[in-house]
Amino acid sequence: MARKSDVPSYYGEPQKFDPTFRGPIHNRSCTDVLCCVIFIIVILGYIALGTVAWIHGDPRKVVYPTDSYGQFCGQHGTPNANKAILFYFNILHCANPAVLINLQCPTTLLCVSKCPDRFATYLDMQYQYRYNKSYWEYYRQFCKPGFDNPRKSIAQVLQDEDCPSMIVPSRPFLQRCFPEFITRNGTLTVANRTDFKDGLGKTRSVTDLREAANGIVGLLDAKEVGIKIFEDYASSWYWILLGLVITMLVSLAFILLLRFTAGVLLWLVIFGVIAAVGYGIWHCYWEFSILKEKPDADITISNIGFQTDFRVYLQLSQTWFIFMISLAVTEVIIIVVLIFLRRRVRIAIALLKEGSKAIGYIMSTLFYPIITFLLLAICIAYWAVTAVFLASSGDAVYKVMSTDPKCQYSNITCDPETFNKTNVTKVCPGAQCTFAFYGGESIYHRYIFILQLCNLLVFLWLVNFTIALGQCTLAGAFASYYWALQKPADIPACPLFSSFGRAVRYHTGSLAFGALILSIVQFFRIILEYLDHKLKGAHNAFARFLLCCLKCCFWCLEHFIRFMNRNAYIMIAIYGKNFCTSAREAFFLLMRNVVRVAVLDKVTDFLLFLGKLLISGSMGVLAFFVFTHKIPVIQEEVPSLNYYWLPLLTVIFGSYLVAHGFFNVYAMCVDTLFLCFLVDLERNDGSAARPYFMSSTLRGILNKRNVRKREDKRGYRVRKKK
């Protein structure tokens with residue numbers, strides 16, 4: 001009779017028996033060497049890209065505002081060193097805040113040391129200048145440097161762009177001067193005025209300024225709120241930190257206690273669901289029996305047709321009868337499934353308990369996410385810095401800005417030094433040659449967008465590789481625990497460090513290969529999201545439908561690849577084979593045990609979600625009592641806050657992230673033990689030569705036993721059941 005491990009399967013061949021196999025293989029060779037070489041070359045190229053971006057880029061172009069002449073405001077060592085704020089000659093020409101922040105408002109931009117604090121016009125200044133020279137001294141600081149002719153006509157001044165026709169009380173925001181709006185008794189005012197003169201003989205309403213800077217009022221108010229939020233964080237940060245430390249300890253205790261509580265929690269929930277559905281059946285029958293006795297009990301849903309008020313249907317006995325039948329069918333399905341899957345549920349609970357034991361023996365695995373976090377922080381920082389330097393590469397580019405939408409020269413590149421000699425100002429009166437952005441015509445500048453895409457793709461690759469390295473490292477450590485016949489005596493020393501060394505030394509190429517596949521899918525998903533954002537206003541229904549289908553398909557593909565990569569990394573950690581072989585073996589192994597996979601996956605997800613919810617919710621309740629001074633013992637030490645809900649939400653969100661980090665390690669532990677358990681079942685038969693490595697609890701559930709030989713007192717060898 002053929003042994004179980006030699007029986008062919010529809011889903012591929014089971015694992016072949018290897019009498020020397022005793023856990024993660026230590027005598028390994030490098031896998032996917034070609035991908036490893038490519039990965040190293042790409043990293044070197046990424047460093048070169050960052051270096052080139054560093055040479056050509058200038059982050060000051062992002063940090064400092066730039067005036068109409070391409071000069072930085074507030075840059076040390078320049079004439080604008082003490083002029084850190086950008087001033088708009090005529091803010092009424094600016095359509096919205098987005099135009100202002102992008103520095104493409106069709107008006108002259110000037111660096112100033114402070115914003116205006118009063119209403120004034122050039123005409124008023126000329127009139128007052130006759131009696132008091134100080135009016136000009138104040139007004140000239142908002143004119144072009146070097147201009148000193150207060151008697152010049154207003155028409156000539158505006159044509160030569162020497163001075164603004166008016167100034168309004170403003171204050172700096174984002175290093176730019178914006179009108180200082182204040183609402184008094186429901187009326188919008190600027191410096192207690194509701195109107196002003198525009199310097200051209202017209203009286204304008206303050207609402208015109210509001211329309212020109214739409215949304216800035218909310219941002220200015222947000223600045224005040226931001227100051228209060230900063231104060232709250234400054235006074236409560238140690239309480240928040242204390243809450244996160246408590247969360248870490250509670251998460252650790254929760255994981256370690258799962259060996260005792262996993263079964264109780266799961267069975268309580270299962271029987272609770274059965275009881276809740278049973279109560280629903282009884283309630284539906286009770287409602288049905290009451291309505292059945294009424295005179296109009298024969299009215300059906302088809303008689304009354306569709307009703308917008310769904311409460312009408314609750315007055316029909318047929319509705320409750322349908323509810324009762326539906327719940328009864330659901331109850332029967334749950335009970336039948338539970339009866340047939342009871343052993344698999346018990347296996348899942350046993351694996352969860354075993355995972356808790358494994359973490360208890362290898363506590364260092366709980367702190368490995370810190371290494372992953374640091375590596376991810378480095379990747380994100382390098383990507384962000386490279387993106388900023390790429391975006392700031394190039395020379396200043398000037399374009400024609402005109403308030404006339406019919407101007408044929410709008411958005412055409414221009415030269416500010418020769419602009420006044422062209423006929424643009426004649427064809428488009430009021431047109432300006434202003435700074436637009438940084439760029440160039442060289443090959444490097446032409447391919448800035450392509451380089452940004454490369455920056456994004458390599459960033460995704462590095463992030464996914466970092467996550468893959470963590471998963472493979474943890475899998476190797478937990479596999480060392482499972483394949484120790486006598487636990488914990490046979491667990492090797494420093495299993496986490498040894499697993500990390502094996503993953504980096506032998507399997508960098510395999511991990512990079514899996515990470516590359518996932519990164520490409522994520523890259524296409526980002527492109528689809530970008531296209532979806534651009535096509536939101538499109539009226540082509542077919543294009544939107546096709547884009548939606550593609551997004552859905554790539555979402556499913558990404559999640560499938562994540563699942564396969566995770567299990568492939570576990571097989572790599574155990575056997576040391578290349579990525580494709582490991583992924584294929586993991587896939588067929590899971591397919592041969594697809595029901596067990598589904599049950600374990602759902603049970604694990606449910607318990608971990610319950611744990612995250614319990615921990616973050618408990619910490620939220622505790623933080624609420626602390627920050628609202630409802631705990632008498634410490635209420636004098638807790639600071640008074642402007643918005644207590646902000647530190648509260650920070651504690652809740654931070655607690656969830658901390659618990660998520662701990663539970664990710666636990667989930668990886670359970671997945672690793674599960675694959676080892678499946679391999680154990682296929683490789684071994686419980687004999688002395690091929691003993692089961694699973695725990696006695698799992699052997700008891702499956703009715704499996706280990707047989708070992710020993711000598712009795714007379715010297716004969718006898719078989720002993722264990």
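Mentor: Let's start with accessibility: a residue is buried under 20% relative accessible area, exposed over 50% and partly exposed in between (1.4 Å probe, protein chains only). What you see is a predicted model, where local features need pLDDT of at least 70 and side-chain atom pairs count only at pLDDT 80 or more, while totals for chains, interfaces and linings use all residues. Residues are numbered from 1 along each chain as its sequence is written, and side-chain values use heavy atoms, leaving out hydrogens and water.

Trainee: Does R342 count as buried or exposed?

Mentor: R342 has 51% relative accessibility, so it counts as exposed. You will find R342 in helix α11 (residues 342–361); helices here are DSSP runs of H or I with at least four residues, strands are runs of E with at least two, and both are numbered from the N terminus.

Trainee: Now the rings. How many aromatic pairs does the structure hold?

Mentor: Rings of Phe, Tyr and Trp (its six-membered ring) pair if their centres lie within 6.5 Å; planes under 30 degrees apart are stacked, over 60 edge-to-face, and the rest tilted. The structure has 27 such aromatic pairs. One of them joins W136 and F147: with centres 5.9 Å apart and planes at 75°, the pair is edge-to-face. W136 sits in helix α5 (residues 134–139) and F147 in the loop between α5 and α6 (154–160), so the pair ties together parts 11 residues apart in sequence. W136 is buried at 2% relative accessible area, and F147 is buried at 11%.

Trainee: Which parts does the pair of F254 and F663 tie together?

Mentor: First its geometry: the ring centres of F254 and F663 are 5.5 Å apart and the planes are at 45°, so this pair is tilted. F254 belongs to helix α8 (residues 216–292) and F663 to helix α21 (residues 645–683), so the pair ties together parts 409 residues apart in sequence. Both F254 and F663 are buried.

Trainee: And charges? Which residues are linked with R140 in a network of salt bridges?

Mentor: A salt bridge puts a side-chain nitrogen of Lys or Arg within 4 Å of a carboxyl oxygen of Asp or Glu. The network links R140 with E137 and D148. From R140, the N to O distance is 3.7 Å to E137 and 3.8 Å to D148. R140 is partly exposed at 28% relative accessible area, and E137 is partly exposed at 47%.

Trainee: How far apart are the closest N and O atoms of D162 and K152?

Mentor: That salt bridge has its closest N and O atoms 2.7 Å apart. D162 counts as buried at 10% relative accessibility, and K152 counts as buried at 19%.
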